[in-house]
Amino acid sequence: MAPRRSTGRSRSTVILLVLTAITLLTLSGRGVGALDSTRAAVTSAVSPIGDAARWLFGPFSGAWNAAFDHGDLARRNDALVQENERLLGQLTQASISTQQLQELLNLVGIPFLGNTPVVHTRVVSGTIGNFGDTIELDKGASAGVVKGMPVITGQGLIGKVKVVGEDRCTVELITGGSFRVGFIVIGTSAVGIAEGVGRPSILRGTNIDVAQTVTEGQVVVTAGLRGSSFPPNIPIGSVKSVRSEEASRQTLVEISMFASTRDLTYADVVLWTPGG
Amino acid sequence: MNTSIRLMALLLTAVVLQRFLFDQFRVDGVAADAFLVLAVTTGMVCGARRGAIVGFFAGLVLDLLVVTPFGLGALAYLVAGALGGLLEGVVVHSARWITMLVAFVASAAGVLFFAVVGSLIGTAGMVEGHLITVTLLVGGSSAVLMLPTRRAVLWASADSEPFRAAVHS
């Protein structure tokens with residue numbers, strides 16, 4: 001009888017744990033605040049370990065990652081060389097360039113965020129584990145950072161604040177695909193929804209009315225529609241490819257992000273909340 | 001010091017190792033997973049039930065450190081820990097590589113479970129091309145790290161349940 005009782009106890013323990021995990025998943029899906037508070041406290045508690053590791057292993061991990069990322073480094077180097085050549089070519093047209101720049105700014109349309117204040121932060125850590133594109137910043141609630149605030153670099157949107165500790169916050173990168181952003185295509189009436197696909201610097205745009213004409217190269221910025229988690233006019237990227245689906249009456253686009261989410265050193269948290 | 005406290009000490013060690021070491025040194029963007037190694041090894045050393053329990057708590061700690069849906073790590077690592085115990089129970093051991101293979105399979109299953117369930121509950125970008133790389137690299141690192149971790153788990157569970165003879169071999 002004893003082994004059977006033991007087996008029954010084992011089974012009930014495991015079932016109880018499975019149910020607990022499912023309950024936690026459900027609570028997480030409903031956005032229960034206590035879970036975020038707990039995460040924030042743990043993030044703050046373990047951040048010194050990350051700081052120490054960064055201080056101790058920084059040079060070594062840089063060399064290590066470069067060694068295992070050689071192909072990617074070569075591709076990025078090629079891209080930079082091409083970009084450099086293109087920019088050198090543009091320098092010969094200096095007088096025209098100034099005018100073109102002004103036109104481009106007018107085309108993009110808008111002062112980048114206007115007078116909305118930002119908090120300048122330093123990136124202190126990358127993703128923990130293997131899922132969920134995140135970075136950790138060295139500012140938190142004490143600097144006015146609140147959950148859900150947009151995070152940008154000089155080039156545009158990179159993510160939003162997910163967890164806030166007293167002096168730290170964790171940012172969910174848009175490339176991870178765990179949240180969506182409403183966007184508009186500059187120069188058109190097209191609106192859509194952008195989300196990450198797990199690839200660096202590439203987003204997928206969906207839900208664009210098929211009647212709208214969208215072409216490659218057009219600039220995409222946050223829509224900031226009512227109820228949006230983001231203010232309007234934060235640059236996101238440019239349209240890389242366009243595909244229409246007649247069946248679902250929508251146009252799908254691939255968006256090449258302006259901002260890089262790799263090797264980030266600094267980022268700004270936009271002190272903006274929906275309705276605020 | 002009883003088994004639970006010792007296992008808790010191992011879990012805290014896993015937090016430090018993950019944050020201090022494994023997250024700093026990645027291969028193709030993939031880091032070894034100390035929590036998964038602990039869950040699977042505990043399952044292999046102490047059986048499926050304890051593997052499930054330790055897996056649950058190891059995954060819960062991971063959930064506190066990342067921004068994926070809360071509870072996903074607990075569920076996935078519970079499965080991995082239990083699977084490690086079940087596989088260890090049915091496999092006939094004749095060589096160390098078979099034990100490592102069990103760790104590889106259980107860890108890979110944990111990663112896949114995490115990604116698939118995460119995707120099913122609406123987290124985008126989890127099931128895509130890079131998942132194969134993540135699965136293989138995490139599975140491989142777990143197979144290697146299981147060997148030193150096994151000693152630690154044996155120490156932690158020394159006064160609790162009888163161990164599997166194969167694990168001692």
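This is a predicted model: local features need pLDDT of at least 70, side-chain atom pairs count only at pLDDT 80 or more; totals for chains, interfaces and linings use all residues.
**Figure 1. Packing of helix H2 (residues 34-46) of chain B against helix H3 (residues 48-65) of chain B.** The axes of the two helices are 7 Å apart and form an angle of about 170°; because angles over 145 degrees count as roughly antiparallel, H2(B) and H3(B) are therefore described as roughly antiparallel to each other. On the H2(B) side, the contact is made by Phe35(B), Leu38(B), Ala39(B), Thr42(B), Gly43(B) and Cys46(B), while the residues contributed by H3(B) include Ala48(B), Arg50(B), Gly51(B), Val54(B), Gly55(B) and Leu62(B). By class, the contact of H2(B) with H3(B) comprises 9 nonpolar, 5 polar and 1 charged residues.

**Figure 2. The side of chain B that touches chain A.** Here 45 residues of chain B are in contact with 42 residues of chain A. The elements of chain B that give two or more residues to this side are helix H1 (3-22), H3, helix H4 (72-90), helix H5 (96-120) and helix H6 (130-156), and among them H3(B) gives the most, with 7 residues. The residues on the side of chain B that touches chain A divide into 30 nonpolar, 8 polar and 7 charged.

Key:
Residues are numbered from 1 along each chain as its sequence is written. Chains are lettered from A and ligands numbered from 1 in the order in which they are written. Axes are lines fitted to C-alpha atoms, for helices over the stretch in contact, and angles run from 0 to 180 degrees between N-to-C directions. Helices (H or I, at least four residues) and strands (E, at least two) are DSSP runs, numbered from the N terminus. Angles under 35 degrees count as roughly parallel, over 145 as roughly antiparallel, 65 to 115 as roughly perpendicular and the rest as oblique. Two residues are in contact if their C-beta atoms, placed from the backbone, lie within 7 Å. Ala, Val, Leu, Ile, Met, Phe, Trp, Tyr, Cys and Pro count as nonpolar, Asp, Glu, Lys and Arg as charged, and the others, Gly among them, as polar.
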